[in-house]
Amino acid sequence: MATILKKETIAPAFKRYVVEVPEVARKHQAGQFVMILLHEHGERIPLTIADSDPEAGTITLIVQEIGKTTMEMGLLPEGTEIAVTGPLGTPTHIERWGTAVCVGGGAGIAPLLPIAKALKEAGNHVVSILGGRTKELVILRDEMEARSDEMIYTTDDGSFGRKGFVTHALADLIEERGKPDIVFGIGPAIMMKAVADLTRPHGTPTVASLNSIMIDGTGMCGCCRVTVGGETKFVCVDGPEFDAHQVDFDLLMKRLRTYVAQEEEAKRRFLEAHRCRATENAEVTA
Amino acid sequence: MTTGKLSPKERMQIPRQPMPCQDPHERVLNFAEVALGLTPELARREAERCLECKDPKCVAGCPVGIDIPRFLVEIREGRFDEAIRIVKETNTLPAICGRVCPQEDQCEQVCIVGKKKDPVAIGRLERFVADWERDHGTVELPVCEEPTGFKVAIVGSGPSGLACAAELARNGHSVTIFEALHKPGGVLVYGIPEFRLPKEIVRWEIENLEKMGVEIRCNFVVGKTATVEELMGEEWGFDAVFIGTGAGLPYFMGIPGENLIGVYSANEYLTRVNLMKGYRFPEFDTPVKVGKRIAVVGSGNVAMDCLRTALRLGAEEVICLYRRTRAESPARLEELEHAEEEGIDFRWLTSPVEILGDDEGRVRAVRVIKMELGEPDESGRRRPKPIEGSEYTIDIDEIVMAIGQGPNPLVLQTTPGLELNRWGNIVVDEVTMMTSIPGVFAGGDIVTGAATVILAMGAGKKAAAGIHDYLLGKGGLGGEPRREVAAPPAG
Ligand SMILES: Cc1cc2nc3c(=O)[nH]c(=O)nc-3n(C[C@H](O)[C@H](O)[C@H](O)COP(=O)(O)OP(=O)(O)OC[C@H]3O[C@@H](n4cnc5c(N)ncnc54)[C@H](O)[C@@H]3O)c2cc1C
Ligand SMILES: Cc1cc2nc3c(=O)[nH]c(=O)nc-3n(C[C@H](O)[C@H](O)[C@H](O)COP(=O)(O)OP(=O)(O)OC[C@H]3O[C@@H](n4cnc5c(N)ncnc54)[C@H](O)[C@@H]3O)c2cc1C
Ligand code: SF4
Ligand code: SF4
Ligand code: FES
């Protein structure tokens, strides 16, 4: 079992966890994730390893609280033991490409952290474009700045950086400076689709990290499958990163909606049972 | 009760005793076990049917060679404790095998009584004594030898890994099982449903193994968390490794529409329900879709489990699509019969060609084609071929693919030098079960392809013997223990 050593709120409905799990910390490479299970009755969910400290034997997880499991995780006090399995998935393929652009939105900024770090270490010129609905939802700004040569911010409401979507900023960047050597676009499926559509005509290699529903994370169930270049792939073992130009994002988005009814139900029940605590972020006493 | 006094002729007159079962109408509404188990009276009566053959064919029919007539006599005489002791000399998981072995193809197929009448119900009797022991709390753990100081890693906690671990622990080796999932048991916990094999029984067997000193580390994916090579290196320090990772990779048919919402692999469907307890959502967090009209493709044990699970989740109509006929169906006879009793709509000689979806990408129908049996193929079974122009559409809202599983490549790809056959299964020495890498052994479905619990257990045991010999250098391969022999725990 793994222990939650530290928990802090980094933005509304975003928490950072430091979890002690030495074997995973030692082996982690950029692009990999863990499966977590909070308790016997829980659901197994995938979370990207945002950072790792092999010496301390810890990994960092950045979690957006959007449903029952992620909200419940937010209520666990430091010191709680949870099941953590990993590191899973194929590590990011890193090369010295030249100019690499990291485009991130929402929780998708978390997986960009280790990727940007690896890109920079490999000698790339890293330009990061981060976006969110409003200023406080553009998470991990300091961390990404430390790993990037240039930063561009966008917000839907114009409260920070330029007003608009990350794709607008990416389009302008390509317009002004020519196409970059590689783009990593990670965020909600709809954002990744937009990034892919934008870079496709330029022929710029573009990588997306897919967030399909998973159970085991080891290639056993097939529930994470997506169509890439006309072929069925398992995101947990063949990915999670794929050539964004080949991904059938419409199918991915449909499959992500498989259980919306049950998810809404679970969330409603959970919020009813923990009405104030979930929002106030107090600790569960039981 | 008269015991031991009957003539063979009189024994032959006793009919096979019926297995008490939940009523079909009742049981499709719950996940509780279908077969309730024999009473002591029924068990003794059934055991009386055994002729105590001088050359018992049944023993040869059992892959692990349980001394069947000897334990049947003890049951007949009412000495159940003695009976279970005999069974456990050769089989460490009798409560499980008694429930899930395809007996009609093994011990019972060759039983002499079966030549004229129904064979002796060996499997049920095996289950009976195992259950009796558990209910009476008289369990005796095998005595373990003095610690040898050798450390063995077992990859995977399915029946092959469990059997291998038990055997090695008996021989005094220090054993650690690494399991990728959060619960040990392999297919016994994530695949075979509660109504056929209560998970309580698996848990109980695994607890016994832990009492013998076997350590189980869940949430550990060999090939990812650590490779086989690393396990055998300085840091982890294992002297030998057994790979029992099973056949966990789901196959799909490659027909159009297979990635629509509502198309499940059998593994996903059963894992959601059994391992994650999706049938108890929202008390448990993992959801599973509950369709009204469900089709399952295939007709093996896995397909039967999906069909009957669908019924219990509340489906109104459950259809089995199989390209051959009932006679070729690879499922255990008992499962097939139970499924028929429960009202499954079997469509033999029928194969899906396309799955159709609605605008939201959800399954709405399956197009199927009728088949006929042609010439026998390499396996001797008549090859099904489509009948042109016989296609038709069945409205469904969910479909489960239960057409087989292959080897999961996670361990295989990360273990350089491991020889595989053309299907991706591990090649082993048939006597020692050692792979192409010295000190690395394998057994179960990862070697044979999807097979049975008892064959996997048998392979685990055989590999344990191979490992033991290897470690003690008997095979001329091993050496001295690398460490000092640990002092036995005080007290
Ligand atoms: C490889 C990978 C890495 C990820 N990394 C992160 C991360 O670093 N930080 C983060 O906040 N989120 C990450 N996610 C998404 C995260 O797994 C989901 O947000 C989480 O499962 C939601 O669970 P819930 O019960 O809180 O919400 P729910 O209400 O159950 O679900 C909300 C939505 O999340 C998705 N989802 C639901 N169940 C699962 C499941 N078992 N597996 C995957 N997705 C599911 C569905 O699209 C669903 O509509 C990642 C997903 C993948 C596949
Ligand atoms: C639904 C279903 C019903 C069945 N019904 C019957 C039946 O009625 N009778 C019968 O005799 N047989 C039946 N079988 C077949 C039988 O269950 C298998 O043949 C048997 O379980 C194989 O045992 P095993 O030890 O080789 O592997 P498994 O039982 O498959 O166990 C393998 C274990 O290894 C773990 N693992 C895999 N990769 C890794 C890794 N990289 N690191 C760590 N752990 C790993 C897996 O998570 C799993 O727990 C059925 C199978 C299924 C799927
Ligand atoms: S283990 Fe299986 S084959 Fe052997 S006696 Fe028991 S039921 Fe028969
Ligand atoms: S073959 Fe049948 S009758 Fe003969 S010993 Fe075995 S169980 Fe008894
Ligand atoms: S999550 Fe089960 S195969 Fe990918």
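Colleague: Which residue in E4(A) is the bridge partner of Phe33(A)?
Modeller: The bridge partner of Phe33(A) in E4(A) is Thr48(A). The model is a predicted one, in which local features need pLDDT of at least 70 and side-chain atom pairs count only at pLDDT 80 or more, while totals for chains, interfaces and linings use all residues. Residues are numbered from 1 along each chain as its sequence is written, chains are lettered from A and ligands numbered from 1 in the order in which they are written, and side-chain values use heavy atoms, with hydrogens and water left out.

Colleague: What makes strand E3 of chain A and E4(A) a pair?
Modeller: Two strands pair if DSSP finds at least two bridges between them. Strand E3 (residues 33-37) of chain A and E4(A) have four bridges, in the antiparallel sense, and therefore meet that condition. The names follow DSSP runs, numbered from the N terminus: helices are H or I with at least four residues, and strands are E with at least two.

Colleague: Why is one side of strand E4 and of strand E5 of chain A left without a neighbour in the sheet?
Modeller: The open sheet of chain A has seven strands in the order E4-E3-E7-E1-E2-E6-E5, with antiparallel pairing. Strand E4 (45-48) and strand E5 (51-53) stand at the edges and have a single partner strand each, so each has one side without a neighbour. From one strand to the next, the twist averages 35°.

Colleague: Which strands of the sheet does helix H2 of chain A touch?
Modeller: Helix H2 (residues 68-75) of chain A touches strands E1, E2, E3, E4, E6 and E7 of chain A, contact meaning heavy atoms within 4.5 Å. The direction of H2 makes about 125° with that of E6(A); axes are lines fitted to C-alpha atoms, for helices over the stretch in contact, and angles run from 0 to 180 degrees between N-to-C directions.

Colleague: Why is H5(A) called roughly parallel to H6(A)?
Modeller: Helix H5 (residues 166-177) and helix H6 (residues 189-199) of chain A pack at an angle of about 20°, with their axes 10 Å apart. That angle makes H5(A) roughly parallel to H6(A), because angles under 35 degrees count as roughly parallel, over 145 as roughly antiparallel, 65 to 115 as roughly perpendicular and the rest as oblique.

Colleague: What classes of residue make up the contact of H5(A) with H6(A)?
Modeller: That contact has eight nonpolar, two polar and no charged residues. Ala, Val, Leu, Ile, Met, Phe, Trp, Tyr, Cys and Pro count as nonpolar, Asp, Glu, Lys and Arg as charged, and the others, Gly among them, as polar.

Colleague: Why is H5(B) called roughly antiparallel to H6(B)?
Modeller: The axes of H5(B) and helix H6 (residues 80-90) of chain B cross at roughly 165° and come within 7 Å. An angle over 145 degrees places the pair in that class, so H5(B) is roughly antiparallel to H6(B). The crossing is left-handed. Arg70(B), Phe71(B), Glu74(B) and Ile75(B) of H5(B) face a group in H6(B) that includes Phe80(B) and Ile86(B). The contact divides into six nonpolar, no polar and four charged residues.

Colleague: Which strands form the open sheet of chain B with parallel pairing?
Modeller: Five strands form that sheet, in the order E3-E2-E1-E4-E16. Strand E3 (215-217) and strand E16 (440-442) have a single partner strand each, so they stand at the edges. The twist averages 20° from one strand to the next. Strand E1 (residues 151-155) and strand E4 (residues 240-243) of chain B run parallel, joined by four bridges.

Note on methods. Left-handed = near helix turned anticlockwise from the far one by under 90°.
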